[in-house]
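This note sets out points for a colleague who is reading the structure for the first time. The points may be followed alongside the sequence and the coordinates.

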Amino acid sequence: MTETQTLYAAFVAKTHSVLSALQAGRVLPVDATFTNVTLEPPRDPSHGDLATNAAMVLAKQAKTNPRALAEHIAAKLEADPAIISAEIAGPGFINLRLDAAVWLEELRAIAAMASGYGRSKMGQGTRVNVEYVSANPTGPMHMGHCRGAVVGDALASLLEFGGHDVTREYYINDAGGQVDVLARSAHLRYREALGEEIGDIPEGLYPGDYLKPVGQTLAGELGDEYVEASETQWLPIFRNAAVDEMMGMIRADLALLGIKHDVFASEAALHRAGKPEAAEAWLREHDFVYDGVLEAPKGKAPPDDWEPVELPLFRSTKFGDDQDRPIKKSDGKWTYFGADLAYHMQKAAEADQLIDIWGADHAGTVKRIKAAVAALSEGQGKSLPFDVKLVQMVALLRDGEPIKMSKRSGNFITIADMIREVGKDVVRFTMLTRKPEAQMEFDFGKVVEASKDNPVFYVQYAHARIRSTLRKAAEAGLAPSGDDLAQLGEEELALIKRAAQFPREVEAAAKAREPHRIAFYLYDLASDLHAFWNLGNDMPQKRFILEQDAGLTGARLFLADAIGQVIRNGLGVLGVEAVESM
């Protein structure tokens, strides 16, 4: 089978061929569309190997009832020698049972394609910009950034595996007031590094010790030149230097997680290049921005000092937002939305699709930025799909007890702290064991438990078991062999059937933009592997290595090697190592 013709793809093609034949025979109209026809494993394996809804979704177009149409479809499918039976169930579903040779051929395909198994051309080279992390450059990466970082990076890898051309982007918010606070905090540490007693950190500055090395670096580079200088003299210098130092720290922290971005886009550079002004001009030209007066705050009396002010407003209500949004403040400075709008215009110039990974606390801004991208698409006469994924915060626990943290005091757990304690792979996999929009707990005790309840351990242990078995077999002079695969029984075929779902899981996860689906799938595959392994504890004839039967041993080792390959491929998408031993 070729890269695009793994088992599910092949049987989708067979089904479409049958439907095309029924069009030629006038059973189906020639303009019938097969878009909603699915082919997937039935929920209950006892019903068969594959199930299709073809008759259900095409009956209306054929002006007949689903079961009658199913009779035509099933008869043609059953004529295929690879299909043992095509049974009609319920109102018109068709359950297919495949010849064992089909599954054995897929097993050989896994071995032949190796690291390419599961890769897809579905994306057809579509350029996708995935922006994730984008933390303010005011300190080291901490737990609040971790989940979004992992979700974004795994999604980028998944899309690449699915055939997309992906750009990983980080937006540096280096133009706001928080960067001035950073500069002032760095200047305080600079004075401290030169020997000044600074006492308690003043209210409003960043208190963390992570700024001490920044101060020492600046003291070494600048000497005492800016100790007595006015703030207007040193603020721009310290702002740029502190942001550079922080971004170096952030890059290093992300590298510990196995994350490397392709592009670091600066908000300050965006302003220097006049991108917000250019965006406003473009939007005015296309009637998406106008000068108007904001409504008074709803639901309560306006403040005493409130007065109507004419501002440039973006027509976000045209795209489903509840009010038009200002792109500038009354003092003429850009709102965060105004700058963000220009930033998305910049990204859109280089991409066919945009995906932003945001913290759940940004939910209130989703409508307006989606409206901005919709306006951009409409104005340019093109389709620019844009998706915002909201990621919930993670509650940190230690043996069931909450860990108390405070950013104000500089007391928080960094990504570096986490990785030092439990390892990169544990952190990455754990962050993908729940949907990103669901609440999550990260218990430092539980994530390192050696139990079935710990998905990280369970999946990695499955791979380690396979590698250990192959090493033990090699010591006995035994090796994987595809010569006697026909000896494999129902339990082994069930394992192959699970492994064969990997390509369709990749495509489904990429289409839904949900990398956690791969983690769920790997847990199920590992569970099946462990279940088969445990059979050998009670029934020695079910063990992978039977020294008295080289043929069956070679076939089972071939199966084990293929399952290990699928686990490696899936973990590779998630950025997790497939360990050799545990």
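Which residues have the most contacts inside the largest nonpolar core?

1. The largest core. This is a predicted model, and its largest nonpolar core holds 144 residues. Within that core, the residues with the most contacts are Ile-73, Met-431 and Phe-442. Helix H19, covering residues 550-574, gives the most to this core, contributing 13 residues. As a general background, nonpolar side chains in soluble globular proteins tend to be buried together.

2. The surroundings of Met-431. Leaving aside residues up to four places away in sequence, Met-431 touches Met-143, Cys-146, Arg-147, Val-150 and Val-151, among others. Met-431 belongs to helix H14, which spans residues 424-431. Of its partners, Met-143 falls in helix H5 (residues 143-161), Val-394 in strand S13 (residues 394-398), and Met-440 in strand S15 (440-443).

3. The overall chain. The protein chain has 582 residues, of which 50% count as buried. Its secondary structure comes to 19 helices and 15 strands. The C-alpha trace spans about 85 × 65 × 40 Å along its principal axes. Among contacts between residues at least 6 apart in sequence, 71% join residues at least 24 apart. The accessible surface comes to about 26,700 Å², and carbon and sulfur atoms account for 49% of it.

4. The sheet S8-S9-S10. Three strands form an open sheet in this order, with antiparallel pairing. Strand S8 (289-293) and strand S10 (325-326) are the edge strands, each pairing on one side only. S8 is joined to strand S9 (residues 310-314) by five bridges, and the two run antiparallel. Val-289 has Phe-314 in S9 as its bridge partner.

5. The sheet S14-S13-S15. This open sheet also has three strands, here with mixed pairing. Its edges are strand S14 (401-402) and strand S15 (440-443), each of which pairs on one side only. Two bridges join strand S13 (residues 394-398) to S14 in an antiparallel arrangement. Leu-397 stands opposite Pro-402 in S14.

6. How many salt bridges does the count come to? The count comes to 34. One of them is formed by the side chains of Asp-153 and Arg-428, at 3.0 Å from N to O. The pair links distant parts of the chain, with Asp-153 in helix H5 (residues 143-161) and Arg-428 in helix H14 (residues 424-431), 275 residues apart. Both Asp-153 and Arg-428 are buried. In general terms, side chains of opposite charge can pair when their charged atoms come close.

7. Lys-328 and Glu-280. The side chains of Lys-328 and Glu-280 meet in a salt bridge at 3.5 Å, N to O. Lys-328 lies in the loop between S10 and helix H11 (336-348), and Glu-280 in helix H10 (residues 275-285), so the pair ties together parts that are 48 residues apart in sequence. Are these two residues buried or partly exposed? Lys-328 is partly exposed because its relative accessible area is 22%, whereas Glu-280, at 12%, is buried.

8. Glu-580 and Arg-471. These residues form a salt bridge in which the closest N and O atoms are 3.7 Å apart. Glu-580 lies in the segment after H19 and Arg-471 in helix H15 (residues 455-475), so the pair ties together parts that are 109 residues apart in sequence. Glu-580 counts as partly exposed at 37% relative accessibility, and Arg-471 is partly exposed with a relative accessible area of 37%. Elsewhere, salt bridges that share partners join Asp-153, Glu-160, Arg-168 and Arg-428 into one network.

9. A nonpolar surface patch. Met-56, Val-57 and Phe-93 make a nonpolar surface patch of about 210 Å². Met-56 is found in helix H2 (residues 54-62).

Technical notes
Residues numbered from 1 in each chain as written. Predicted model: local features only at pLDDT ≥ 70, side-chain atom pairs only at ≥ 80, totals over all residues. Heavy atoms only, no water. Patch = residues over 30% accessible without salt bridge, like charges linked within 9 Å, V, L, I, M, F, W, Y side chains within 5 Å. Areas by Shrake-Rupley, 256 points an atom, 1.4 Å probe, with all protein chains shown as cover. Salt bridge = Lys/Arg side-chain N within 4 Å of Asp/Glu carboxyl O. Helix = DSSP H or I, 4+ residues; strand = E, 2+ residues; numbered from the N terminus. Core = buried A, V, L, I, M, F, W, Y, C linked by side-chain atoms within 4.5 Å. Buried < 20%, exposed > 50% of the residue type's maximum accessible area, 1.4 Å probe, protein only. Contact = heavy atoms within 4.5 Å. Pairing = 2+ DSSP bridges.
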